[in-house]
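Here is a short briefing on one chain. Have the sequence and the 3D view open while reading.

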Amino acid sequence: MHPARGGRTPQTGGSGASGERVARRIILCDGVEAARLWARIGADDEETLTWVPREGEPRARPPGFHALQGGLSAESIQKLNPKVGDEFAVVSEDTSFTRTAVTVIGQSAPEAPVLVLSDKVDGEDLPDHPCLMNTGLRSLIRDDVDTEFSHLSNLRRVVDLRALMAPREKLGILLQPDPDPDGIASAYALRALLGRKSPTAPLISFVEVKRPENRAMVEALGIEVRTVAPEEIDEFDGLALVDVQPTVFGESPPARLRSVDVVIDHHPERTGYDTVIRDIRTSYGATATILTEYLRAAAVEVRPKLATALVYGIKTDTQLLGRETSRHDMSAFAYLHGLHSAALLRRIERPAMPHEALRALGRALSSTTVEDSIHLLVLGRVREDVIPQVADLGLQADGAEWAIAAGLVGSDLVFSVRNVGYVRAAGEVVRAVVEGLGVGGGHRSMAKGIIPLKAFRQVYGDAKRDTIRKALHTAFVQAIRGDT
Ligand SMILES: [Mn+2]
């Protein structure tokens, strides 16, 4: 990123004829080489360029530069007539030069901020100064160059992808069974990248989108994921897998899956299949990040709907940029954040609550207690997506380190768990709670468990609200303590 040019704030010490003056940047280069480098980088017109010739160096003046009269001293800095608002930069790879420069600037212009540009001088070696920063020199530009090269290698992928897929009449973009937001967003982005629509490039999966929060995503964004039978994939003359690899589909996946066209994923690399294009980046927190880099490199316009899908994909796969997040994910997220629709994202993350669920919540809240730092809300029969929302809310209770929302969904007792993050991992606790009764798991601070009501009744006699409350409370207390 280049600093804005010519946007310097004018010094407004006095308005009108007498005092108005533009603050200067005074550049102090150590030797002719540093000065020439600075000139080549493109010295700003408003910079005062000075250099201190080194011993034995030709005294030929680098263009635009003036030698610092009298060498590096407080007096020679004074001659530059520094004023309030002026800023200094010291360009040097030499520690003793830099130390001296910072010291003499401090003596003659104590108020002036100093920026040290160097790849070799360590900040620790610099004298105390109230307003000093140090950063790289060549490495600054180098970082930008490296970033551009990484865009370029992403563009290479995009060019290859487009060339490979252009002649294919029917491209299937295959997701894992019961696709998650990262997969859905990535597939949606791949289709946009290839400039195709759903009739010729449908998003497909062997098992429909099931989880309520994932359904909320496809519904809010109007993304269709078509459920296909394994034999149906023979119909596609192009097959791209995103956020998944072919050998994930069981012991004997459909033959067509042994040789595919594209695999883009961030899960650990698997073998046992062929693909023309393979882009697996295991250090990435989300496949959506890879696709975001493609879109960015190819300068594809990212519309709010697509940006929202990708933001949500990255958020959910990285636990909101928590665990297992790379700088790539951060950078993709920042890029997308300016493009996404906050309203759409809210609709996905906070789906509309049915009135019945609000009344159930009201009843549960009317007898709310936080015991053993656990806030447990038993809702009765509710729509499944209400449960995690209530768990989120429950964690806000004063004194709660754990929030559990439980409800009856179909023939199951379903509960969502949230914690404050610095206690035992929620996933572990839930696994201990459901042990021998049902299924469950999750992450550090959020988890979900399902216990068939039949199994629950066998152990606890009935599935009345109070029975559920007592059973869950006891089980959680034990599991949090690690007794189980
Ligand atoms: Mn993923």
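Helix α6 spans residues 212–221, and its buried residues are N214, A216, M217, V218, A220 and L221. A residue is buried if 20 or more other C-beta atoms lie within 10 Å of its own, exposed if 12 or fewer, and partly exposed in between, with C-beta atoms placed from the backbone. Helices (H or I, at least four residues) and strands (E, at least two) are DSSP runs, numbered from the N terminus. This is a predicted model: local features need pLDDT of at least 70, side-chain atom pairs count only at pLDDT 80 or more, and totals for chains, interfaces and linings use all residues. Residues are numbered from 1 along each chain as its sequence is written.

**Surroundings of α6**
- The buried residues of α6 pack against α5 (181–193), β11 (225–227), α8 (304–317) and α10 (342–349). Two residues are in contact if their C-beta atoms, placed from the backbone, lie within 7 Å.
- G222 follows α6 and has a positive phi, near 65 degrees.

**α6 with α10**
- The two axes come within 8 Å and cross at roughly 145 degrees. Axes are lines fitted to C-alpha atoms, for helices over the stretch in contact, and angles run from 0 to 180 degrees between N-to-C directions.
- The crossing of α6 past α10 is right-handed. A crossing is left-handed if the near helix is turned anticlockwise from the far one by less than a right angle, and right-handed if clockwise.
- From α6, A216, M217, A220 and L221 meet L344, R347 and I348 of α10.
- By class, this contact of α6 with α10 has six nonpolar, no polar and one charged residues. Ala, Val, Leu, Ile, Met, Phe, Trp, Tyr, Cys and Pro count as nonpolar, Asp, Glu, Lys and Arg as charged, and the others, Gly among them, as polar.

**α5 with α8**
- α5 packs on α8 at about 145 degrees, with the axes 8 Å apart.
- α5 passes α8 in a left-handed crossing.
- On the α5 side the contact includes P181, I184 and Y188; on the α8 side it includes L306, L310 and Y312.
- The contact of α5 with α8 has 10 nonpolar, three polar and two charged residues.

**α13 with α15**
- α13 (residues 426–434) and α15 (residues 465–481) pack at about 130 degrees, their axes 9 Å apart.
- That angle makes α13 oblique to α15. Angles under 35 degrees count as roughly parallel, over 145 as roughly antiparallel, 65 to 115 as roughly perpendicular and the rest as oblique.
- α13 passes α15 in a right-handed crossing.
- V429, A432 and V433 of α13 make the contact with A475, F476, A479 and I480 of α15.
- By class, the contact of α13 with α15 has seven nonpolar, no polar and no charged residues.

**Positive phi outside glycine**
- N81 is not a glycine, yet its phi is positive, about 55 degrees. N81 lies in the loop between α2 (74–79) and β6 (87–91). N81 is exposed, with 12 other C-beta atoms within 10 Å.
- D178 is not a glycine either, and its phi is positive at about 50 degrees. The loop between β9 (171–174) and α5 holds D178. D178 is partly exposed, with 15 other C-beta atoms within 10 Å.

**Whole chain**
- The chain has 15 helices and 20 strands.
- Of its 484 residues, 39% count as buried.
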